[in-house]
Structure formats: C-alpha cells, structure tokens
Amino acid sequence: MYKAIVVTDPETADGFRLAGVSVVEAENADEAREKIKLLLDDPNAGILAVNEHFYDNIDEKTQEKIDSIYRPIVIPLPIKESVEMAGERRAYLARLIHRAIGFDITLRGGGGD
C-alpha cells in the first residue's frame, strides 16, 4: 500500500502528524527540493503533498521528472494565505486527473470563480 507523504515546514508539520499523515519537514525551499528528489524514488510513496511555497520553488529538471512519472503524484498543498487561487488549483487538478485516467473532467466549485 502506497503512502501519502506531506512535505512541509516545521510550523505546520505537527498538524499533519495529528491527522495521521507521514510528514517530511524542511526548513526552507532548498532543503525541501532535495527531500522531494529523494521521495520521487521512494517505491512506497503514492502521493506527495508539498507545501505550496516549496512546490513553487521546484527546479525545472525535477518538475519534468514529476510530470513524466505516474507515481508518486505530486500536488501542491495550499498553506494559509493562498487559498483564493481556486481557478488555478482547479485547472491543476484537472490536469492531474487527465494524467491519471486519460479523460478530461470538468471540475465545478462552490465559489470564487
């Protein structure tokens, strides 16, 4: 069984641990980038939910690897102030679904856009 792993900062790590999720902490984007590279090769990783700030700082080569593999699925995890970007998030989720099942699905939201 594959694991869901959250890559986040120490300030939010305990909340995810309380929810029962495996957590990898990183102090900054550079440290997170190195840990994400290792987790991409972890045969037990099914989903990597990455703190959105860290996700935005993933280098191009790592992003290409993320886009070319089917597992683990890497998703940005909105932290605090960035929740209002629902349209972009919906488009990203639609791309992930298309990649996973090969079909386009229209995602409808309850508000915002």
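# Briefing: salt bridges, sheet and surface of the chain

Arg17 has a relative accessibility of 37% and therefore counts as partly exposed. This residue belongs to a predicted model, in which 7 salt bridges are found. The chain has 113 residues, of which 35% count as buried, and its secondary structure amounts to 5 helices and 4 strands. The points below treat the fold, the sheet, the salt bridges and the surface in turn.

**Overall fold**

- Read from the N terminus, the elements follow the pattern β-α-β-α-β-α-α-β-α.
- Among contacts with a separation of 6 or more, 57% are between residues 24 or more positions apart in the chain.

- The 4 strands make up an open sheet with parallel pairing, and their order is 2-1-3-4.
- Strand 4 pairs with strand 3 in the parallel sense, and 5 bridges connect the two.
- Ile47 has Ile73, in strand 4, as its bridge partner.
- Helix 1 (residues 10-18) packs on the sheet, where it touches strand 1 (3-8), strand 2 and strand 4. The direction of helix 1 makes about 170° with that of strand 2.

- Side chains of opposite charge can pair when their charged atoms come close.
- The side chains of Arg17 and Glu25 form a salt bridge, with 2.8 Å from N to O.
- Glu25 has a relative accessible area of 28% and is therefore partly exposed, as is Arg17 at 37%.
- A network of salt bridges links Asp14, Arg17 and Glu25.

- Arg33 and Asp30 are joined through their side chains in a salt bridge of 2.1 Å, N to O.
- Both residues lie in helix 2 (residues 29-40); because they are 3 residues apart there, about one helical turn separates them.
- Arg33, with 18% relative accessibility, counts as buried because that value is under the 20% limit.

- Asp41 and Lys65 meet through their side chains in a salt bridge, at 2.7 Å from N to O.
- This pair connects distant parts of the chain, since the two residues are 24 residues apart. Asp41 sits in the loop between helix 2 and strand 3 (45-51), whereas Lys65 is in helix 4 (residues 60-68).
- Asp41 has a relative accessible area of 55%, which is over the 50% limit, and so counts as exposed.
- Lys65 is partly exposed, with a relative accessible area of 31%.

**Surface**

- The chain exposes about 7200 Å², and 56% of this area is supplied by carbon and sulfur atoms.
- A nonpolar patch on the surface is formed by Ile101, Phe103 and Ile105, which together have about 300 Å² of accessible area.
- Ile105 belongs to the segment after helix 5 (86-101).
- With 39% relative accessibility, Ile105 is classed as partly exposed.

Technical notes: Residues are numbered from 1 along each chain as its sequence is written. This is a predicted model: local features need pLDDT of at least 70, side-chain atom pairs count only at pLDDT 80 or more; totals for chains, interfaces and linings use all residues. Side-chain values use heavy atoms; hydrogens and water are left out. A salt bridge is a side-chain nitrogen of Lys or Arg within 4 Å of a carboxyl oxygen of Asp or Glu. Buried means under 20% relative accessible area, exposed over 50%, partly exposed in between (1.4 Å probe, protein chains only). Two strands pair if DSSP finds at least two bridges between them. Contact means heavy atoms within 4.5 Å. Axes are lines fitted to C-alpha atoms, for helices over the stretch in contact, and angles run from 0 to 180 degrees between N-to-C directions. Patches are made of residues with over 30% relative accessible area and no salt bridge: like charges are joined within 9 Å, nonpolar side chains (Val, Leu, Ile, Met, Phe, Trp, Tyr) within 5 Å. Accessible areas come from the Shrake-Rupley method with a 1.4 Å probe; for residues, only the protein chains shown count as cover.
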